[in-house]
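Here is a short report for a first look at a protein model. Please keep the sequence and the 3D view side by side while reading.

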Amino acid sequence: MSVKIDTSKLNPDQIPPLPRQGLKRASEILPHLPIKKSTLWKWAGNGRFPSPIRINGITVWNCEDIWAWLESHGQTELPAAANDVGSK
């Protein structure tokens with residue numbers, strides 16, 4: 001089970017890493033994205049960003065889809081503190 005962490009008050013060195021696999025909630029992926037929450041939902045709704053899935057009433061994104069989106073937009077790696085798999 002994933003613990004919900006409010007990353008809005010954390011400095012970049014304290015942001016939990018974005019794994020290459022698994023499922024994460026919006027609050028867990030937003031620190032790794034160059035967009036805000038409202039843009040995330042708008043783009044997910046119009047196909048510009050990967051669509052989330054709902055599991056037992058919880059909305060999550062597939063980390064593999066997030067990484068694929070980042071890489072297709074020129075973001076091949078995250079800052080070291082945010083990347084648990086090292087440089088690519």
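Which residues have the most contacts inside the largest nonpolar core? They are Leu 18, Ile 29, Leu 33, Leu 40, Phe 49, Trp 61 and Ile 66, in a core of 16 residues.

## Basis of the model

This is a predicted model, in which local features need pLDDT of at least 70, side-chain atom pairs count only at pLDDT 80 or more, and totals for chains, interfaces and linings use all residues. Residues are numbered from 1 along each chain as its sequence is written, and side-chain values use heavy atoms, with hydrogens and water left out.

## Overall layout

The protein chain has 3 helices and 3 strands. Read from the N terminus, their order is β-α-α-β-β-α. Helices (H or I, at least four residues) and strands (E, at least two) are DSSP runs, numbered from the N terminus.

The protein chain has 88 residues, and 31% of them count as buried. Buried means under 20% relative accessible area, exposed means over 50%, and partly exposed lies in between (1.4 Å probe, protein chains only).

## The nonpolar core

A nonpolar core is a set of buried Ala, Val, Leu, Ile, Met, Phe, Trp, Tyr and Cys residues joined through side-chain atoms within 4.5 Å. The largest one has 16 residues. Helix 1 (26–29), helix 2 and helix 3 are the elements that give two or more residues to this core. Helix 3 supplies the largest share, 5 residues.

The 3 strands form an open sheet in the order 1-3-2, with antiparallel pairing. Strand 1 and strand 2 stand at the edges with a single partner strand each, so one side of each has no neighbour in the sheet. Two strands pair if DSSP finds at least two bridges between them.

Strand 1 pairs with strand 3 (residues 58–62) over 2 bridges, in the antiparallel sense. Leu 23 has Asn 62 of strand 3 as its bridge partner. Lys 24 stands opposite Trp 61 in strand 3. Strand 2 (residues 53–55) also pairs with strand 3 in the antiparallel sense, over 3 bridges. Here Ile 55 faces Ile 58 of strand 3.

## The hairpin turn

Strand 2 and strand 3 form a hairpin with 2 residues between the strands. Asn 56 lies in the loop between them. Most residues other than glycine have a negative phi. Asn 56 is not a glycine, yet has a positive phi of about 50 degrees. Is Asn 56 buried or exposed? With 78% relative accessibility, Asn 56 counts as exposed.

## Aromatic pairs

How many aromatic pairs does a search of the whole structure find? The search finds 3. Rings of Phe, Tyr and Trp (its six-membered ring) pair if their centres lie within 6.5 Å; planes under 30 degrees apart count as stacked, over 60 as edge-to-face and the rest as tilted. One of the pairs joins Phe 49 and Trp 69: their ring centres are 4.8 Å apart and their planes are at 70 degrees, so the pair is edge-to-face. Phe 49 lies in the loop between helix 2 (37–46) and strand 2, and Trp 69 in helix 3, so the pair ties together parts that are 20 residues apart in sequence.

Phe 49 and Trp 69 are both buried.

Side chains of opposite charge can pair when their charged atoms come close. The structure holds 1 salt bridge, meaning a side-chain nitrogen of Lys or Arg within 4 Å of a carboxyl oxygen of Asp or Glu. Arg 20 and Glu 71 form it through their side chains, at 2.7 Å from N to O. Arg 20 lies in the segment before strand 1 (23–24) and Glu 71 in helix 3 (residues 63–72), so the pair ties together parts that are 51 residues apart in sequence. Arg 20 is partly exposed at 22% relative accessible area, and Glu 71 is partly exposed at 26%.

Arg 20 also lies over the face of Trp 67, 3.6 Å from the ring centre. The charged end of Arg 48 sits over the ring of Trp 43, 3.9 Å from its centre. A charge sits over a ring if NZ of Lys or CZ of Arg is within 6 Å of the ring centre and within 35 degrees of the ring normal.
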